[in-house]
Amino acid sequence: MDDAKKIDAVMIGRAGVDLYGEQVGGRLADMGSFAKYIGGSPTNTSIGASRLGLRTALITRVGNDAMGEFIREELDREGVFTGHVKTDPARLTALVLLGIRDTESFPLIFYRENCADMAICEDDISEELIASAQAVVTSGTHFSTATTKAANMRALTLAAKHGARRVIDLDYRPVLWGLADKGDGETRFVSNENVTAHLQDVLSHMDLIVGTEEEFHIAGGSTNTIDALRAIRRISSATFVLKLGAQGCAVYESAIPETVEDGLVVEGFPIEVFNVLGAGDAFMGGLLRGYLRDEDWVTACRFANACGAFAVSRHACAPAYPSEEEMQTFIREGSPHFRLREDPALNQLHWASTRQGDWPNVLAFAFDHRSQLEALSDDPAKIGAFKALCADVTIDAIARHPGQQLGVLCDQRLGQDALFSMAEHPLWIASPIEFPSSRPLRFEGGPSLATTLKDWPKHTVVKCLCFTHPDDDSALWSEQSAALLELFTVTRALGLELLLEFIPPAGMERSATTIARSMAMTYALGIYPDWWKLPAPKTDDWDAEWLAWERVIADNDPHCRGVLLLGLAAPQDDVKASLVRASAQPLCKGFAVGRTIFGDAAKQWFANEMTDAEAKDLMAQSFDDLIAAWRS
């Protein structure tokens, strides 16, 4: 790798939103609900390569709309440089509807009439960006109009000038060249001499050409694969990588042999094909990981085949792509599951290693309390108004504590207006799902946990307080563990992070290992919470209890985000002392404290002895003191 290059690969082209039908096995017309993902071939590849450790950038356009905002934020979260993702004020972000009909049919409809990314022009191509890159990666679709072709040719010219490798994913979709009905996005091949000539005009500029057999057919002007490869070889000295689906891929660095199998064939991985959409983009991300790190072709193709295997085994495109750790684990150890999406170990590794958001610290004001506030007032509207004051305190604290990652715990039942007010602010937000004080554990929101949580915002962390002790009788633990397992299963299915708060019941002995034993029992069930919220260790057992927690988490889930300390309504000075001491623990990521902050204010405010402003000032002072204690 050239150390002078700041970017490994610059991708150019499509960026859109994929709406995937959630029902499998029916017509696209019969889909009742859709999941929203980022999409577009170069965009997918930029994310796939970034997850494998490459530094990627994207040149594209999105609309001045919510979907464009979504794309930009997703790219930022995935580590893709977005400095050249332009907002087009005159066009909308592209959209695609997709479905899984069966193992052979994957219908899709492109909504790309005059879309933002097809307005890419030469002025969008920055010479400074291209000069900083190891490679420029183009796609066939963006050679289909004069304007987008001119933009790509400028990028290729600058790549040659600055010593960057030039790569093309042939990415042939006949509908995007006007060769299929507008509703027929599924068709992969239509022969057309004009498209062949169009592509051959640019292939001589490439160092690496990647495509399926059908894509090489259109580029080479023949439905005989060897003839097509030889036609392209006559105009291009590039390395060809031919994708062969389940069979893997083949590499041709020089003369084309008599048969496809006479090339350097790297076998694929034997798994069930669930969804082929986006697999080629995942393949390209893996291939670039090897190619741009100067691995040999066998290694690079193993990376590519592994990434493609993950993509075809899962729902969605970019979200299904593996991390570097996940890919290397799969290549090294394989999987006992033909249906790769049913491998719990790989699914856990995928979730933990591709989980979005970086939260090295969370300093949270917890006002998710329900029963405690209902004891002060039987008026839900008044409780909601108090929670709105708590939200104001948290929002105002953002400006007072720049650089700090602040958060809240607020419930969906009594605190909905407070949650609405905080939705646009950069806060870590968690909401409780447990029925207050329930033991055995019960959930709020109705009989269907999945139906309840499906309505929650995707950024919300699901918090569950469980009063549990490792010496509980077996019947109680069986009931509580079943509830916890259901909760974990539902949150993962819905893509929601989970915070477990474990508190030993009052009256039961708590030693230095009590909570750690309960945590270990939970991990043994196959439950991997993203966060733990735990009471501060007792002074005499401080080091021993932290060590016990650390060992359990290290042995079971080294990707766990960490522990947040709770307050249990302790006096302010006691909580501050605990935070000062806990801030030295690498496993401790902050706090989620409630009554210590709002307790006095709530009593006086509900008794009409304090104004809104006075209550907010008192809570803000307490919150600020805890933040200062943590930072000290």
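Guide: The axes of helix 18 (residues 542-556) and helix 19 (residues 572-582) come within 12 Å of each other and cross at roughly 55 degrees. The model is a predicted one.

Visitor: Are helix 18 and helix 19 parallel or oblique to each other?

Guide: An angle under 35 degrees would count as roughly parallel, and one of 65 to 115 as roughly perpendicular. Helix 18 and helix 19 are therefore oblique, and helix 18 passes helix 19 in a right-handed crossing. On the side of helix 18, the contact is made by Trp 542, Asp 543 and Trp 546; on the side of helix 19, by Ser 578, Arg 581 and Ala 582.

Visitor: At what angle do the axes of helix 13 and helix 20 cross?

Guide: They cross at roughly 135 degrees, and the axes come within 12 Å. Roughly antiparallel would require an angle over 145 degrees, so helix 13 and helix 20 are oblique to each other. The crossing of helix 13 past helix 20 is right-handed. Helix 13 contributes Lys 382, Ile 383, Ala 385, Phe 386 and Leu 389 to the contact, while helix 20 contributes Phe 598, Ala 601, Ala 602, Trp 605 and Phe 606.

Visitor: How should I read a pair of aromatic rings, and how many such pairs are there?

Guide: Two rings pair if their centres lie within 6.5 Å, and the angle between the planes then sets the class: under 30 degrees is stacked, over 60 is edge-to-face and the rest is tilted. By this rule, the count comes to 20 aromatic pairs. The rings of Phe 386 and Trp 605 have centres 5.5 Å apart and planes at 45 degrees, so this pair is tilted. Phe 386 lies in helix 13 (residues 380-400) and Trp 605 in helix 20 (residues 595-606), so the pair ties together parts that are 219 residues apart in sequence.

Visitor: Are Phe 386 and Trp 605 buried or exposed?

Guide: A residue is buried if its relative accessible area is under 20%. Phe 386, at 1%, is buried, and Trp 605, at 9%, also counts as buried. Trp 605 pairs with Phe 606 as well: the ring centres are 5.0 Å apart and the planes stand at 90 degrees, so that pair is edge-to-face. Phe 606 has a relative accessible area of 10% and is buried.

Visitor: Which residues do ring pairs link into a cluster?

Guide: The cluster consists of Phe 488, Phe 502, Tyr 523, Tyr 528 and Trp 532.

Visitor: Where does a charged side chain sit over a ring?

Guide: The charged end of Lys 382 sits over the ring of Trp 605, 5.5 Å from its centre. Arg 233 lies over the face of Phe 240, at 4.0 Å from the ring centre.

Visitor: How many residues of helix 1 are buried?

Guide: Helix 1 (residues 41-51) is mostly covered, with 11 of its 11 residues buried. Among them are Pro 42, Asn 44, Ile 47 and Arg 51. Just after helix 1, Gly 53 takes a positive phi of about 100 degrees.

Visitor: How do I read a residue in a loop, for instance Thr 141?

Guide: One asks where it lies, how accessible it is and what it touches. Thr 141 lies in the loop between strand 8 (133-139) and helix 4 (146-161). At 1% relative accessibility, Thr 141 counts as buried. Leaving aside residues up to four places away in sequence, Thr 141 touches Arg 14, Met 118, Asp 171, Leu 176 and Trp 177.

Visitor: In which loop is Phe 189, and what does it touch?

Guide: Phe 189 is in the loop between strand 9 (165-169) and helix 5 (193-203). At 25% relative accessibility, Phe 189 counts as partly exposed. Not counting residues up to four places away in sequence, Phe 189 touches Tyr 172, Pro 174, Glu 214, His 217, Ile 218 and Thr 223. Phe 189 and Tyr 172 are 17 residues apart in sequence and 7.6 Å apart in space, C-alpha to C-alpha.

Visitor: Which residues have a positive phi although they are not glycine?

Guide: Most residues other than glycine have a negative phi, and most peptide bonds are trans. Ser 437 has a positive phi of about 65 degrees; it is found in the loop between strand 16 and helix 15 and, at 55% relative accessibility, counts as exposed. Ala 569 has a positive phi of about 60 degrees. Ala 569 is in the loop between strand 20 (562-566) and helix 19, and is partly exposed at 40%.

Visitor: Is the peptide bond from Arg 439 to Pro 440 cis or trans?

Guide: That bond is cis, with omega near 10 degrees. Pro 440 is in the loop between strand 16 (428-432) and helix 15 (449-454).

Methods: Residues are numbered from 1 along each chain as its sequence is written. This is a predicted model: local features need pLDDT of at least 70, side-chain atom pairs count only at pLDDT 80 or more; totals for chains, interfaces and linings use all residues. Side-chain values use heavy atoms; hydrogens and water are left out. Rings of Phe, Tyr and Trp (its six-membered ring) pair if their centres lie within 6.5 Å; planes under 30 degrees apart count as stacked, over 60 as edge-to-face and the rest as tilted. Helices (H or I, at least four residues) and strands (E, at least two) are DSSP runs, numbered from the N terminus. Buried means under 20% relative accessible area, exposed over 50%, partly exposed in between (1.4 Å probe, protein chains only). A charge sits over a ring if NZ of Lys or CZ of Arg is within 6 Å of the ring centre and within 35 degrees of the ring normal. Contact means heavy atoms within 4.5 Å. Axes are lines fitted to C-alpha atoms, for helices over the stretch in contact, and angles run from 0 to 180 degrees between N-to-C directions. A crossing is left-handed if the near helix is turned anticlockwise from the far one by less than a right angle, and right-handed if clockwise.
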